[in-house]
Amino acid sequence: MTGTSSVIVAGLTAAALGTVGFLALRAQATVPAALRDGPAASASAAAKAKAPRDRQHPTALPDGSGTGERVVYSVDDDRVWLVSAGGRVRHTFTVRPGSVDPAPGTYWVTSRSNTATGTDGLPVEHVVRFTSVDGVVIGFSAAVHSESGPVADPNVKTGGIRESRADGDALWRFATIGVPVVVIR
């Protein structure tokens, strides 16, 4: 009987692995070509320099932040701009970054989750992910029950870029899969 049970378990395991492999292949086939090569940044020497700012209007969209519809994230200013296809800023807001910053460059929204648990243990909503750095996933999110949240453990690497819930709603509606995320200094 033991031999028969192990054969059945092995058969079920093989069937499950085959199904997962098939579904992964099907999922990969539906990913746009720009996203299929991974969320690698197209950082150039110019992108690594701080983008010029309008000193009289500190919340104005920085020059050199790309063209067309995009999310612009300044790691130096802790600010996000949601930019329409015509280049008009639809919304801008400040954020609280995690302990790991993405390199300057252009990325694309690769996944989204309506709810999740942040690496700091807080429930978060409207998670919009666009890259990872050394295994740490980088994305925008809003804490569900706390705007400020507890102080994160400094020994834990976090990639969550936190915004208010209202700003998270705006970003969630704007940043669908495939929308560019331009990271600047």
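User: How do you know that β7 pairs with strand β8 (residues 160-162)?
Analyst: Two strands pair if DSSP finds at least two bridges between them. Three bridges join β7 to β8, so the two count as paired. They run parallel, and S141 has R162 in β8 as its bridge partner. Strands are DSSP runs (E, at least two residues), as are helices (H or I, at least four), numbered from the N terminus. The model is predicted: local features need pLDDT of at least 70, side-chain atom pairs count only at pLDDT 80 or more, and totals for chains, interfaces and linings use all residues. Residues are numbered from 1 along each chain as its sequence is written, and side-chain values use heavy atoms, leaving out hydrogens and water.

User: What joins β7 to strand β6 (residues 123-133)?
Analyst: Seven bridges do, and these strands run antiparallel. T131 stands opposite I138 in β7. The hairpin of β6 and β7 has two residues between the strands, and D134 there takes a positive phi near 50°.

User: Why is strand β7 (residues 136-143) described as largely enclosed?
Analyst: Buried means under 20% relative accessible area, exposed over 50%, and partly exposed in between (1.4 Å probe, protein chains only). Seven of the eight residues of β7 are buried, so the rest of the structure largely encloses this strand.

User: What makes β5 (111-117) and β8 edge strands?
Analyst: An open sheet is formed by four strands in the order β5-β6-β7-β8, with mixed pairing. β5 and β8 are its edge strands, since each pairs on one side only. The twist averages 35° from one strand to the next. On the β5 side, six bridges join β5 to β6, which run antiparallel; S113 has V127 in β6 as its bridge partner.

User: Which strands does helix α4 (residues 165-174) lie across?
Analyst: α4 lies across β5, β6 and β7, at about 60° to β6. Such angles run from 0 to 180 degrees between N-to-C directions, with axes fitted to C-alpha atoms, for helices over the stretch in contact.

User: What makes a set of residues a nonpolar core, and which have the most contacts inside the largest one?
Analyst: The set must be buried Ala, Val, Leu, Ile, Met, Phe, Trp, Tyr and Cys residues joined through side-chain atoms within 4.5 Å. The largest has 24 residues, and V71, V80, F140 and L171 have the most contacts inside it. Its largest share, four residues, comes from α4.

User: Which residues does F140 touch?
Analyst: Contact means heavy atoms within 4.5 Å. Not counting residues up to four places away in sequence, F140 touches residues including V71, V80, H126, I161 and L171.
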